[in-house]
Amino acid sequence: MFAYVVRRLGSAIPTLFIVVTVAFFMMRVAPGGPFDREKQLPPEIEANILKVYNLDKPLHQQYFDYIGNIIQGDFGPSFKYLDFTVTDLILAGFPVSLRLGLAAILIAVVFGVTAGTIAALKQNSTFDYMVMGLAMTGIAIPNFVMAPLLALVFGVYLSWLPVAGWNDGALQNQILPVITLALPQIAYISRLTRGSMVETMHSNFIRTARAKGLAEKIVVVRHALKGGLLPVISYLGPATAAVITGSVVIEAIFDVPGIGRYFVTGALNRDYPVVMGVVIFYAVLIIGLNLVVDLIYGFLDPRVKVE
Amino acid sequence: MEATTTSKNSNSNGAPILSVRGLKVYFPISSGKFFVPPIPLKAVDDVSFDLYSGEALGVVGESGCGKSTLGRGVLQLIEPTAGEVVWQGHHLEGLGPKQMILYRRDLQIIFQDPLASLNPRMTIGDIIAEPLTVHYPELSKDERKQRVAKIMEEVGLLPQMINRYPHEFSGGQCQRIGVARAMILRPKLIVCDEPVSALDVSIQAQIINLIQDLQQSFGLSLIFISHDLSIVRHISHRIMVLYLGNVMEIADKLSLYDEPKHPYTKALISAVPIPDPEQEKNKQRIVLEGDLPSPLSPPTGCVFRTRCPIAQPLCAKEKPPLVDAGAKHQVACHFWDADIR
């Protein structure tokens with residue numbers, strides 16, 4: 001298995017290289033530049049600025065310089081957040097997004113899997129229809145509606161929780177962002193779990209388990225869940241990557257200092273190093289989490305050989 | 001090759017080990033319309049039979065005639081709609097999974113699709129041992145392992161295969177695992193639900209012989225479900241013929257094959273190929289017209305009348321009861337002894 005992990009990590013290098021290359025040139029193809037202003041700068045000053053950031057060199061030269069820098073771990077300075085390097089920005093924001101994201105994913109798995117499993121076992125019952133109806137609603141309501149709604153109800157009307165703000169990560173400030181992040185995930189995971197569990201519970205080996213005389217609880221937990229959760233595990237890889245890198249909407253509405261905003265502000269400002277930095281960061285997370293998913297797969301299903 | 005009818009059938013004069021009376025299994029099928037109640041699909045309709053200790057009862061019939069449903073209904077793996085299932089004096093009908101645990105160690109089942117019936121995520125050692133953990137939790141790990149090794153040997157599996165997963169085995173080996181899993185509790189009755197229909201012909205014989213050997217050495221009672229008349233003839237002492245969930249005929253093997261009384265049984269037996277070209281050429285084949293009617297709307301009266309070569313007006317009006325037609329021979333036909341045509 002160790003050899004498998006090493007091989008997978010090795011094969012991640014070309015993937016990352018392609019991601020970096022495509023992202024680099026796409027950024028440059030996009031019209032506009034980091035120092036475009038409504039008011040035209042005097043040409044000498046603009047030339048000076050471009051020179052400072054090496055933007056005056058030919059594009060292929062810039063590309064090779066950039067590749068050389070990131071191999072040494074230098075992601076460059078931000079063009080907009082002066083005095084900050086890209087690494088500084090990510091290191092400051094990521095712990096916040098990670099904390100919220102992990103809490104949200106954990107809650108989503110616990111509630112989603114439980115609700116989905118019960119719905120599958122009571123297929124076509126009132127509970128089933130209720131859970132699946134709620135889940136559909138959860139998927140359909142966008143977070144920019146859910147976030148202000150929760151802030152309005154629990155922050156303004158009930159005054160139980162702060163409307164927004166971070167307050168150095170106090171628990172009550174985290175609750176609403178975590179719930180907003182978790183709700184669509186709960187909905188999605190419960191639907192996935194239900195679908196897959198309904199199928200598993202109808203398979204022949206479940207009939208065998210019942211014929212052995214096993215209690216229904218053991219039939220579900222020992223025989224059905226392991227297989228029934230495989231689709232959820234596959235979904236969790238990319239979903240975790242997406243959730244722990246924060247959501248620009250949720251961070252903006254609840255005023256959370258995560259890294260989600262850099263994805264959008266970086267792109268809008270043509271802040272090339274920041275965009276490249278978050279793209280690489282995101283790609284590394286996706287690759288890493290997919291590897292974890294595959295390892296868990298091999299553990300849950302002996303037919304998938306991790307070698 | 002042939003099972004001797006008398007060998008393990010000595011008990012057949014005593015009390016039956018299993019009595020099934022008027023068993024009905026209906027499935028509600030949604031009519032697809034609002035406000036129209038679901039229609040019952042009569043998979044098994046009023047089936048009664050006795051099974052004696054050490055006896056092998058063959059159940060034959062076309063696909064969809066309710067053979068498998070009957071087997072599962074007897075074991076309460078499907079809840080019967082009505083009727084009695086009496087196992088050694090205890091009523092099983094209506095018992096939930098919890099109360100059934102007491103009887104599961106005596107009543108086991110071997111399923112049709114060998115690979116799909118094994119949990120792909122468990123080693124075969126765990127699969128075979130699992131019934132022990134439920135029914136004999138007092139056994140130590142080592143004792144369990146010993147019993148698993150012993151049963152694996154009995155069914156012809158090598159003990160070193162214990163840590164492999166089902167997908168690493170062939171179909172025949174998977175069915176041996178299925179047999180081991182059923183046999184490890186030393187049950188008294190095994191329902192064999194088409195145990196070989198998914199297997200190669202050469203493997204079929206091995207599994208059939210294995211089941212027969214186990215039956216004879218442990219005095220097992222068998223309910224052997226199959227659509228293959230040759231296999232049923234080989235393994236059974238008595239045979240029950242089902243059609244659309246109804247018993248057409250039930251008799252000792254020899255009596256049924258030599259003197260079938262029911263027109264349906266006659267047609268079935270005439271369809272069995274004879275492994276002798278001369279005889280096969282001269283054989284009188286009775287070909288049934290039409291298709292099996294839908295069990296959602298079975299024919300009135302006798303369910304077989306729509307395809308019966310000797311059907312009479314009475315058959316549409318009255319359902320023929322199962323009547324004695326000789327020693328240990330019962331038939332459900334108004335005209336079994338009439339000379340029509």
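Predicted model: local features only at pLDDT ≥ 70, side-chain atom pairs only at ≥ 80, totals over all residues.
**Entry 1: a term to start with.**

Entry 2: I looked up helix H1 of chain B, residues 67–74. H1(B) lies across E1, E2 and E4 of chain B, and its direction is at about 65 degrees to E2(B). H1(B) also lies across E3, E6, E7, E8 and E9 of chain B, here at about 150 degrees to E8(B). I kept this helix in mind while going through the sheets.

**Entry 3: the four-stranded sheet.** In which order do the strands of the four-stranded open sheet stand? I read the order as E2-E1-E4-E5 in chain B, with antiparallel pairing. E2 and E5 (90–91) are at the edges with a single partner strand each, so each has one side without a neighbour in the sheet.

I then went through the pairs. E1 (residues 18–29) and E2 (residues 39–51) of chain B are antiparallel and share nine bridges. Across that pair, B:Phe27 stands opposite B:Leu41. E1(B) is joined to E4, residues 82–87, by five bridges, again antiparallel. There I found B:Ser19 with B:Val86 as its bridge partner in E4(B). E4(B) and E5(B) pair over two bridges, in the antiparallel sense, and B:Trp87 has B:His90 as its bridge partner.

**Entry 4: the eight-stranded sheet.** Next I traced the open sheet of eight strands in chain B, ordered E6-E7-E8-E3-E9-E10-E12-E11, and noted that its pairing is mixed.

One pair I followed closely is E9 (residues 238–243) with E10 (residues 246–252): they run antiparallel and are joined by six bridges. B:Leu242 faces B:Val247 of E10(B) across this pair. As a reminder to myself, strands of a sheet pair through backbone hydrogen bonds, either parallel or antiparallel.

**Entry 5: the record for chain B.** I checked UniProt, where an unreviewed entry lists residues 20–269 of chain B as "domain: ABC transporter". In the model that span is 37% helix and 25% strand, and its end C-alpha atoms are 26 Å apart.

**Entry 6: the nonpolar cores.** Which residues have the most contacts inside the largest nonpolar core? They are B:Ile128, B:Ala180, B:Ile223 and B:Phe224, in a core of 131 residues. I took B:Ile128 as my example: beyond its neighbours within four places in sequence, its contacts are B:Val148, B:Ile151, B:Met152, B:Ile177, B:Ala180, B:Arg181 and B:Ile184. Another core, of 15 residues, lies apart from the largest one, and A:Phe75, A:Phe79, A:Val275 and A:Val279 are among its members.

**Entry 7: chain A overall.** Of its 307 residues, 32% count as buried. Among contacts between residues at least 6 apart in sequence, 72% join residues at least 24 apart.

UniProt, in an unreviewed entry, gives "transmembrane region" for several stretches of chain A, including residues 12–30 and 274–300. Residues 12–30 are 95% helix, with end C-alpha atoms 27 Å apart. Residues 274–300 are 100% helix, with 39 Å between the end C-alpha atoms.

**Entry 8: one helix of chain A.** In H12 (residues 260–268) of chain A I found A:Gly260, A:Tyr262 and A:Gly266 buried. Their cover includes H4 (86–121), H11 (248–253) and H13 (272–300) of chain A. Just after H12(A), A:Arg270 has a positive phi of about 55 degrees.

**Entry 9: where the chains touch.** How many residues of chain A are in contact with chain B? I noted 18, against 21 residues of chain B. On the chain A side, H8 (204–211) and H9 (216–228) each supply at least two residues. H8(A) gives the largest share, six residues. By class, I wrote down five nonpolar, six polar and seven charged residues for this side of chain A.

How values were computed:
Residues numbered from 1 in each chain as written. Chains lettered and ligands numbered in written order. UniProt positions renumbered as here; feature names shortened; annotations may be inferred. Core = buried A, V, L, I, M, F, W, Y, C linked by C-beta atoms within 7 Å. Buried ≥ 20, exposed ≤ 12 C-beta atoms within 10 Å, placed from the backbone. Contact = placed C-beta atoms within 7 Å. Pairing = 2+ DSSP bridges. Axes fitted to C-alpha atoms, helices over the stretch in contact; angles between N-to-C directions. Nonpolar A, V, L, I, M, F, W, Y, C, P; charged D, E, K, R; others polar.
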